[in-house]
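Here's a quick tour of a protein chain for your first look at a fold. Keep the picture open while you read.

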Amino acid sequence: MTGREGLDRRRLLTAAAVGGATIVGASALGALDADAAFAAPTPSLDPAISKSSFIDGRVSRIKGSVLEVVESDGGHRLVQLTNATSLWKLETVTAEAVEVGDGLYARGVDMPDGTMAADAVWVNIVNLYVTVRGIERSRLHLSHGRNALVGNVVTKRTTASFRGGALTSDLSQLRIGHHAQVLGAWRPADDSVDIARISVGH
């Protein structure tokens, strides 16, 4: 998306970083979901791992199980996926779901050769504070700052929480004008976001 006003990948991921600041959350052996990506840091459950590292950037090349990543500061890192790596892209996925151009957050352990052995990777994850501007059955029209954004309601994936209540797939309480937090996965093809969770009144 170049040459026009709107959300691009970098701005989405920046918004995610600003909203979450600290990304380490899923333990080396723990769960992997959108909330875990933005949770407060927790010590690894694996005593062999004394310190975790974190990378955010864009996938520029995929060679086997190694992702070449251009970091947000312009540096390059190699992320090694292993049999123990958990990957999230709206749901738990396999390495085949990662594509060149995807944005990612990865957490893992620095190896002596400079690569990172990843234990958790979140692909295209976003964390946005929005206002609801329109409601349709399969999508929401949102504003994020001055930008318009489409949020896709994904069957059996999208949940909502209202005023701190339990998560529900029933979005009928959602109203135009609601201010909400959206956790989801950016969809590069059309610059929309697949909604994992929308929270209102928290």
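In what sense do strand 9 and strand 10 pair, and over how many bridges? Strand 9 and strand 10 (residues 147-153) run antiparallel, with six bridges between them. Two strands count as paired if DSSP finds at least two bridges between them.

Before going further, a word on the ground rules. This is a predicted model, where local features need pLDDT of at least 70 and side-chain atom pairs need pLDDT 80 or more, while totals for chains, interfaces and linings use all residues. Residues are numbered from 1 along each chain as its sequence is written, and side-chain values use heavy atoms, leaving out hydrogens and water.

**The whole chain**

- The chain has two helices and 13 strands. Both kinds of element are DSSP runs numbered from the N terminus: helices are H or I with at least four residues, strands are E with at least two.
- Of the chain's 202 residues, 47% count as buried. Buried means under 20% relative accessible area, exposed means over 50%, and partly exposed is in between (1.4 Å probe, protein chains only).
- The accessible surface of the chain is about 10400 Å², and 51% of that belongs to carbon and sulfur atoms. Areas like this come from the Shrake-Rupley method with a 1.4 Å probe, and for residues only the protein chains shown count as cover.
- Take the contacts between residues at least 6 apart in sequence: 55% of them join residues at least 24 apart. A contact here means heavy atoms within 4.5 Å.

**How the strands line up**

- Gly 151 has Val 193 in strand 13 as its bridge partner.
- Strand 1 runs antiparallel to strand 2 (residues 66-71), with six bridges joining them. Gly 57 stands opposite Glu 71 in strand 2.
- Strand 1 and strand 2 make a hairpin too, with two residues between them, and Gly 64 in the turn has a positive phi of about 65°.
- Strand 1 is also joined to strand 6 by six bridges, again antiparallel. Across from Phe 54 you'll find Arg 107 in strand 6.

**The nonpolar cores**

- The largest nonpolar core has 18 residues, and Leu 142, Leu 174, Val 182 and Ile 198 touch the most other members. A nonpolar core is a set of buried Ala, Val, Leu, Ile, Met, Phe, Trp, Tyr and Cys residues joined through side-chain atoms within 4.5 Å.
- Strands 8 (125-135), 9 (139-144), 11 (159-162), 12 (179-187) and 13 (192-200) each supply at least two residues of this core.
- There's a second, separate core of 14 residues, which includes Leu 87, Ala 106, Met 116 and Val 123.
- Leaving aside neighbours within four places in sequence, Ile 198 is in contact with several residues, including Leu 140, Leu 171 and Ala 180.

**One aromatic pair**

- Searching the whole structure turns up one aromatic pair. Rings of Phe, Tyr and Trp (its six-membered ring) pair if their centres lie within 6.5 Å; planes under 30 degrees apart are stacked, over 60 edge-to-face, and the rest tilted.
- The pair is Phe 54 with Tyr 105, and it is tilted: 5.5 Å centre to centre, with 40° between the planes.
- Phe 54 lies in strand 1 (residues 53-63) and Tyr 105 in strand 6 (residues 103-110), so the pair ties together parts 51 residues apart in sequence.
- Phe 54 is partly exposed at 31% relative accessible area, whereas Tyr 105 is buried at 2%.

- Leu 81 sits in the loop between strand 3 (76-80) and strand 4 (86-88), and at 8% relative accessibility it is buried. The C-alpha atoms of Leu 81 and Ala 117 are 6.3 Å apart, although 36 residues separate them along the chain.
- Ala 166 lies in the loop between strand 11 and strand 12, and this one is exposed, at 67% relative accessibility.
- Arg 197 lies in strand 13 and is buried, with a relative accessible area of 16%. Its side chain makes a polar contact with the side chain of Ser 199 (2.9 Å). A polar contact is a pair of N or O atoms within 3.5 Å; within protein, one must be able to donate a hydrogen and the other to accept it, and residues adjacent in sequence count only if both atoms are side-chain atoms.
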